[in-house]
Amino acid sequence: MKNRKFLLSMNKLLSLFFLVLVASSCKDEPLQFEMLPASRSGILFENNLTENNELNILDYLYFYNGGGVAMGDINNDGLPDLYFSANQKGNKLYINKGDLKFEDITQNAKVAGNSSWNTSAIMGDINGDGWLDIYVTAVVGINGFEGHNELFINNKDNTFTERAADFGLDFQCFGTTAALLDFDLDGDVDIYLLNHAVHTEESFGRAQIREERNDKTGDRLLRNDGNTFTDISEAAGIFGGINGYGLGVSVSDFNQDGYPDIYVGNDFHEDDYYYLNNGDGTFTESLKKYFGHTSRFSMGSDVADINQDGLPDIISLDMAPEDETVLKSSEGDDTYQTLKMRTEQFGYHYQYTRNMLFTNNNNRPYTETALLSGVSATDWSWSALFGDYDQDGQQDLFISNGIPRRPNDLDFIRFVSSEEIQKKMIDNRLVDQQALEMMPNGAMPNYVFKGNGKGSFIDASETWIPSEKTASGATAVGDLDGDGDLDIVTNNINAPAGIYVNRTNNTANYLKIKLQFKSKNTFGIGTKVYAYHNGSLQFKELFPTRGWQASSEPMIHFGFGNASKVDSLKIIWPDNTAQTVHNIATNQSLTITPKNNQAFAYKTSSKQLLFKKTEDNLGINYTHKEDNHTDFDYQKLIPYQVSDRGPAVAMGDIDGDGKEDIFLGGARNQQASVYLQKENGFERHDYPEISNDSLFEDVAAHISDTTFYGSSVLTVLTGGNYFTPSRNVLANHTYSPNLPNLGKVNLIGQLEISGVLAEADSLGQPFDNFIGNYSVPMDFGKLPLSTVSDLDGPYSTNLEIGMVTDAIWDDFDDDGQTDLIVVGEWMTPKFFKHENGLLTEVFPIDNDILGLWQTVIPFDIDEDGDTDYLLGNWGLNTKFKASPQAPMKMYYADFDDNGSTETILAIEKNGKYYPLLGLNELSEQLVFLRKRFRNYKDFAGKTIEEVLGEELLQKATVFEVNTLTSGFLRNTGNTFIFEAFPLELQTAPIKAFVKYDFNGDGKESVLAGGNYFGVIPFHGRFDSFSGAMIDSETKITLGNQLGLEMEHKSVRHLKIIEQNNQAYLLIVYNNEAAQIYEIQK
Amino acid sequence: MKQLRYMKFRNRMIPIFTFVVLALVVSSCKDNKVEQNNEPIVIATDQFHNSVDHVTQIMVHDIFSPPVASRIYAYPNIAAYEIIAQRDETYRSLVGQVKELVAIPRAADSINLPLAALIAHMDVSKSLIFSEEKMATYRDSLYRIWEAQNPSEFIAARSYGIQVSDWIKEWYSGDFYNQTRTMSKFTVDTDDPSRWQPTPPSYLDGIEPHWNKIRPFVLDSAAQFKPAPPPPFSMDKDSDFYKELVEVYDISERITAEGDDSEEIEIAQFWDCNPYVSVTRGHLMFATKKITPGAHWMGIVKIACKKDEADFNKTVFAYTKTSMGIFDAFISCWDEKYRSNLIRPETLINQNLDENWKPILQTPPFPEYVSGHSVVSGAAATVLTDIFGDNFSFLDDTELPYGLPVRSFESFNKAAEEAAISRMYGGIHYRAAVEIGLEQGIKVGTWVVEKLEM
């Protein structure tokens, strides 16, 4: 029975007790992995750390990063052997004697090492003689650490000779690990040496300092020139700055051009690096172009094709705790302001404190889905290793974690440390053992996740691995017992190494492939293998330096479930020649050498895509620019920004020339633009009446050719979360050419934050105009009134509908009368049936779907002839959590009785509700919580009821969300049933739809756009959605496959423009330049 | 210096020792307490000092920003002062002299006023700090002694002290502190080169941007002593502003080169008074915490009272008047800070002169102009000079518990001048903020002295 929760109520303890009984009584279901005891294996290695007053985590920030482990067959007897590096003393080499018995041959083999502080251990054939050598990195030059990186060259007789100096590899830097790759495809193995900074520069400094090379901390690219290595870092474009806290490195041909590329994970504020190999001996760092955001305290990383599309995907680890108590007592993300400064002023990229999972989109930006995929929080994590651990044909994921002391414990930071440490400072000794002891222990059970082959994972730790709490770091995988499945070895701090023996055995089929390549790259590092069986594809690349300070067995391993044969294997060798073998039986170890291999040409896509960015943007030179207003400065606890709903866009004939013109609203202090359509393209026209209204934050607009003023009328709805006594800047207003000088009329009584304006097509009915209001300024949670009115008559009525974001007039019940459908946040879509001049709310959806609905469009998605409704929601790639059984709750009240209201969000975890945010965030608004919880320990793990107390909760209005998925309302005749879109449409909020016959086949499709950034760094940045073409329920294509570039931008509107028989797509973003795409039918 | 430190620690041992003896006495008297329980309770002046010291220590633990700390000192002192003033003709009630204070209920003649004052002081303090249990533990240890000494006298004084405490709580709840808690944060706009922005290493938000909305005691308004604006912002090398920027940098470079021999560095560190200095060592973070500027001046009040051999009532008076001056000084100062919103030297020096420069002191998280320590020290010194006279020399050992040495001063004003200039040595203020700040503080102090008849 695995137990990840530490604070258990008595009840829980009791039930746990029973569970333990139950668990132990059903011992017949053993764990997938058995932990092999040292007594059985003979592996006595422990990475024991001795901390003292001269050397501890205060003196060396990476004191707890652990040693290394390398797995490989050093004596070519077919059994992988193990080398462990210990930080302080006692590296060990164990020979695999078979039957999971190992013999320590360190002494005779002469591989104990001489450096004071060892880090990684990797195996590779450095001299190209077909025998694995061992390379051990060291930290040298601080804290009295001596020695150098050591290269143990294999003497082919179970002994080694240390020859780092001969090879030019005896570096005396702050080494983390080394990755092997043949970057120049010259047939030998080159090295990327990852080093880490140790300086404790307390200010961020400009990002550009990475360009100034530092000998100790800078990473190095080392070219193999025969029997010596040459440092070509600078010429190759590798950063080597003093801020390069390099902790993770993964090599893969990410862009599938035949040349290996490099992903480097950097700790702290330094960005990760994404080096794309230019093929000419140089690299181009391209992180910002391909990644919307990354992990912040980046640790180990790994690469594998997790969704079976033949492209390498990446995981980069961080230290976000899953456990509620640890989470709430640990330092979390930046504040909104700090992140803004770090990105905008200092030039760093967006980074957030959690694991990141990036799926590869073939030379388009990656889609980051760790939250959606279920692997975002694995506590203080070091190594990630993908592998098909249960051999079902899908990649699983092992993550090692744990740290002997948690230095980011909030109580330690604020309370414990100071009093202790201050005393020491008086004696000029910064800290001693006693102060160190006050940091809480961070040993944790490791994690293992089972993959589903579609990019999602479920936590299988409880049933797969023992739940011992360890500080496990470096990890290697390989087949120790020769039974075909992947065993796992971890290097643990102050504990025996973890030997996890896989018991998949013959319950599922495997294929192990050993590659024998020519030249000096004997193990074929960089080889790609594509396996096809039953119509599914698996893709692997051989880069043994993976995870964290380690190298795994240099072989390719596949699982195939119960398939007895593989249809074909395509092998692309490091020299970019390919060969294919067919009909291979599973459950064997295969050795493949180059044979009949032909030059392989990587595809460069020249296919015509549906969308093509126009060069002149049709003359529309419009960039929406948000003002400097941050809602969180005013309402610190609202779940997301309120004042970033713009810009407003409307299309219609403003100048009466019969052509459709465009109104593009401005943010506060930005002038709106009117673009008049001309013969070829558009021209900006300045209407002073409109320009003068730049104080308004335009969030919705509509141009109608109504008869109200006898010509077109432009109505602009305003938003922005500002408090002004008169709220004048919130007045919605109309302009009409028939009034003098495009005269303006303020709409009476419209002083809320608006959401949408919907106008019915059929005039002449008693009502045809709906203004949906979204929120009340500075009072998020108070519901505004929305208005239904008649444009050409006196009819007008106000309704409290909710936080309205979108509305349409559409005849949902097919009775020939146009009805009103309204969507919004913290509410279910609302249907107002129109019957003979009366609007009546009806409830045609089978269940309440309380969502954060953003947009709605009618579309027959299931192609059955009736109208369904597509609904854009928040998505699942989020820390929000909601289901019908356990809805997300928002409590709204003036909790501190000071005349202004607050909102507090709570989500369910294990049957209880916890505040989403921590004590720092909550108490910034609710100071009384500081009195109630004097330290973080008291607050952490407390439910929302315990934090606020029943009395305060009683006085709150409770809003709920039970559905976060975007999806559609399936029309079943008399009711609508909500169905979620597939996961690739849940990666970010969907904010806009447009319907059009894009490909000219006579049938309309819907294009969806989204992404959203108006959240605090705790939530990250919803930037990965590239848009999607929805042709039908079963045919959905992502925008990045269609030529659209919507990633990293937040879409607000999608519009179609037709001009000279050519259709264009107008994409309007928040705080970005609008784009025009040509639709290439 | 070592000698002094040793002496100090020995001195601090004495009260603890006494306490142990008392405790022994108390426990040995348990059997015959009927005869022992009506001895009069005499409150020593030191006990008031101890209560203030205790509040200081809890504030260091809880971490309060300097303006908030000034509020935590002032109200408990006033509670105690209003109690003792009703029976001592030397002192006059503050009712009618400070905003919205209504006369406290009169004490019956039998009430032990110093005891009630001390109880009220502890009770109001407890309501203002976070770690109430720390104050309660201290209070209860005293309660036990007093109750054993004379239950009826104690209970009457406690009842009255708490009554006054509640009265003062009601009064302070109207000072707009609660409302300012949920007001907007300072909006950073790095496009404006003169505008303050968060500083390393923690890049904390600007603290207390609405402190000028707090109800002052004596000032007509927060802007009553609005200082002249700082030199106009300019990166023109000939501008006054730029010269002041370079001056901060030059001083820092010079005294850093002198290293441990530099008296300027010693002065800077002595007056640091930063309640939360964040230290980062990789993933390990911690805070070194010190007392606030207000707390330092409370320490000087204690030193002055002891040297002056002030009695209980004068001691309470001195604390009260000084803390009121400091309270209003913070309001006056913060009003200007978030009017001029001036950028700190650290930001500009990093941007323009030296990317790697760090000030000797950690830059505190609020705008530069005017220097808070200068205003507060000017006000405090003016009030203290009024009470104890000019040229009142003293040895300032307030910072000893924080590992800093003792410094001697010829007068309160000299100490204030040193506190002001220390901010330039520390690299966190320009000259104008220090000089004009000190003047502003003296004006606030003089106003308090002239306006209050205590």
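User: What stands opposite Leu1066(A) in strand 72 of chain A?

Analyst: Happy to start there: Ile1076(A) of strand 72 stands opposite Leu1066(A). Bear in mind that this is a predicted model.

User: What makes strand 71 and strand 72 of chain A a pair?

Analyst: Two strands pair if DSSP finds at least two bridges between them. Strand 71 (residues 1062-1070) and strand 72 (residues 1075-1079) of chain A are joined by four bridges and run antiparallel, so they meet that cut-off.

User: What joins strand 32 to strand 33 in chain A, and what sits between them?

Analyst: Six bridges join strand 32 (residues 528-533) to strand 33 (residues 536-541) of chain A, and the two run antiparallel. Tyr532(A) stands opposite Leu537(A) in strand 33. The two strands form a hairpin with two residues between them, and Asn534(A) takes a positive phi near 50° there.

User: How do you know whether chain A is compact or extended?

Analyst: Set its radius of gyration against the globule rule. For 1081 residues a compact globule would have a value near 31 Å, and chain A has 31 Å, so the two agree. The C-alpha trace of chain A spans about 100 × 70 × 60 Å along its principal axes. Buried residues make up 57% of the chain, which holds 16 helices and 72 strands.

User: Why is chain B called as compact as a globular protein of its length?

Analyst: Chain B has 16 helices and four strands. Its radius of gyration is 23 Å, close to the 22 Å that the globule rule gives for 454 residues, so the description holds. Along its principal axes the C-alpha trace of chain B spans about 80 × 50 × 45 Å, and 51% of its residues count as buried. Among contacts in chain B between residues at least 6 apart in sequence, 80% join residues at least 24 apart.

User: Why is helix 11 of chain B described as largely enclosed?

Analyst: A residue is buried if 20 or more other C-beta atoms lie within 10 Å of its own. Twelve of the 15 residues of helix 11 of chain B are buried, so the rest of the structure largely encloses this helix. Among them are Trp297(B), Met298(B), Ile300(B) and Lys302(B). These buried residues pack against several elements of chain B, including helix 3 (45-62), helix 12 (312-340) and strand 3 (394-396).

User: How does the reach of helix 11 of chain B compare with what is expected?

Analyst: Helix 11 (residues 293-307) of chain B reaches 21 Å from its first C-alpha to its last, close to the 21 Å expected at 1.5 Å a residue. After the helix comes Glu309(B), with a positive phi near 55°.

User: What makes up the side of chain B that touches chain A?

Analyst: The contact takes 35 residues from chain B and 40 from chain A. On chain B, helix 8 (177-181), strand 1 (277-281) and strand 2 (284-288) each supply at least two residues. Strand 2 of chain B gives the largest share, five residues. By class, this side of chain B has twelve nonpolar, 15 polar and eight charged residues.

Key
Residues are numbered from 1 along each chain as its sequence is written. Chains are lettered from A and ligands numbered from 1 in the order in which they are written. This is a predicted model: local features need pLDDT of at least 70, side-chain atom pairs count only at pLDDT 80 or more; totals for chains, interfaces and linings use all residues. Two residues are in contact if their C-beta atoms, placed from the backbone, lie within 7 Å. Ala, Val, Leu, Ile, Met, Phe, Trp, Tyr, Cys and Pro count as nonpolar, Asp, Glu, Lys and Arg as charged, and the others, Gly among them, as polar. The radius of gyration is taken over C-alpha atoms; the globule rule is 2.2 Å times the number of residues to the power 0.38. The expected span of a helix is 1.5 Å times one less than its number of residues.
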